[in-house]
Amino acid sequence: KELYREIEHYTVDTKDQLEQFRLRFVSRKGIITELFESLKAIPQEDRRAVGQELNGLKNFALERFQSYTQLLEEQASASAAGPAVDLTLPSTPNLTGTQHPLSITRQRIIRIFERMGFNVADGPEIETDWYNFGALNFPDNHPAREMQDTFFIEKKSEGSEIDILLRTHTSNVQIRLMERQKPPLRSIMPGRVYRNEAISARAHCLFHQVEGLYVDRNVGFKDLKDTLYYFVKEMFGKDTKIRFRPSYFPFTEPSAEIDISCLICKGEGCNVCKQTGWVEIAGSGMVDPQVLANCGIDPDEFTGFAFGMGIERITMLKYQVRDLRLFTENDVRFLRQFEGL
Ligand code: PHE
């Protein structure tokens, strides 16, 4: 009985303990073998009963030994294979990237204009003064040419043959397009632009524009208005209010800026609309005849309109983003909100 109890309470957690267990109870030199040997000393008539008793004990010890051996083997192979897999736990999510909100907006803008027959054109970000300013009728002393707005790469005043700069708008592509192709022209030109401005919630030194250009016979201001009305309603919804404000650009005449009702604060006042309830989304106008002539297009035969809009601004209005810096910080908590769009 005592031995049963001993076997039952014997701790076998390690290989060493298993060996101790074997030596004590299972081996030929163990206590049970010893007891079998002492059977001889027992009177004949009791031997059978005691023998059976000992056999029971021996089998009990053997069973224990086998199950401990198996358990320790299983533990060893499990730890070699790493921690056990808990199939009831949710799996680690497989994170896929999302489109950047500015790419989503650019794509939407392109689709809307494609439906009106515009194709997509591209141009360089590093430009000469001629394509960024000169051909667009900027006078030599125009403030936009000065250092506070433009990042110059090479300056005439510092010995370079011409001024080379980072384009300050996508209007350079208008010029390159009109030089290359003859009307009819119907293109939009998305791209990156650069201005030497302090970074804030509303401004950045790097941002994106989409330029539009339509040149053909008999293109009028009405076509410009129709096109931009359609765009705004498609982009922001039928209830969006639009206003055209007379404006000035050296390369268009007449010129207008396009405002829409602020979709962030809905007229309550916010930093994006500077509390006015209106946000400017684009500059536009009829291409100045001199610009057509600069590109070898006869202004007596052809007319055209052009517009340029900021992709950041449109994205902010569309998705209620109040700070433009979020677009370049790459915070996944921001970017993930555009998943699936
Ligand atoms: N290029 C102008 C800007 O960046 C926008 C514009 C484009 C205005 C085309 C009129 C026509 O402000």
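Predicted model: local features only at pLDDT ≥ 70, side-chain atom pairs only at ≥ 80, totals over all residues.

How do the residues of the shell around the ligand divide into nonpolar, polar and charged? I get 4 nonpolar, 8 polar and 2 charged; here Ala, Val, Leu, Ile, Met, Phe, Trp, Tyr, Cys and Pro count as nonpolar, Asp, Glu, Lys and Arg as charged, and the others, Gly among them, as polar.

Residues are numbered from 1 along each chain as its sequence is written, and side-chain values use heavy atoms, leaving out hydrogens and water.

Next, the shell itself. I find 14 residues surrounding the ligand, with His169, Ser171, Arg195, Gln209 and Glu211 the closest; a residue is near if one of its heavy atoms lies within 4 Å. β10 (303–310) is one of the elements that supply at least two residues, and β10 gives the most, with 3. Strands here are DSSP E runs of at least two residues, helices H or I runs of at least four, numbered from the N terminus.

Then I looked up polar contacts (pairs of N or O atoms within 3.5 Å). A ligand nitrogen lies 3.0 Å from a polar side-chain atom of His169, and a ligand nitrogen is 3.0 Å from a side-chain N or O atom of Ser171. Arg195 places a side-chain N or O atom 2.9 Å from a ligand oxygen.

Last, the lysine: Lys58 lies in helix α4 (residues 44–80). Lys58 and Gln70 are 12 residues apart in sequence and 18 Å apart in space, C-alpha to C-alpha.

Methods. Polar contact = N/O pair within 3.5 Å; in protein donor to acceptor, adjacent residues only side chain to side chain.
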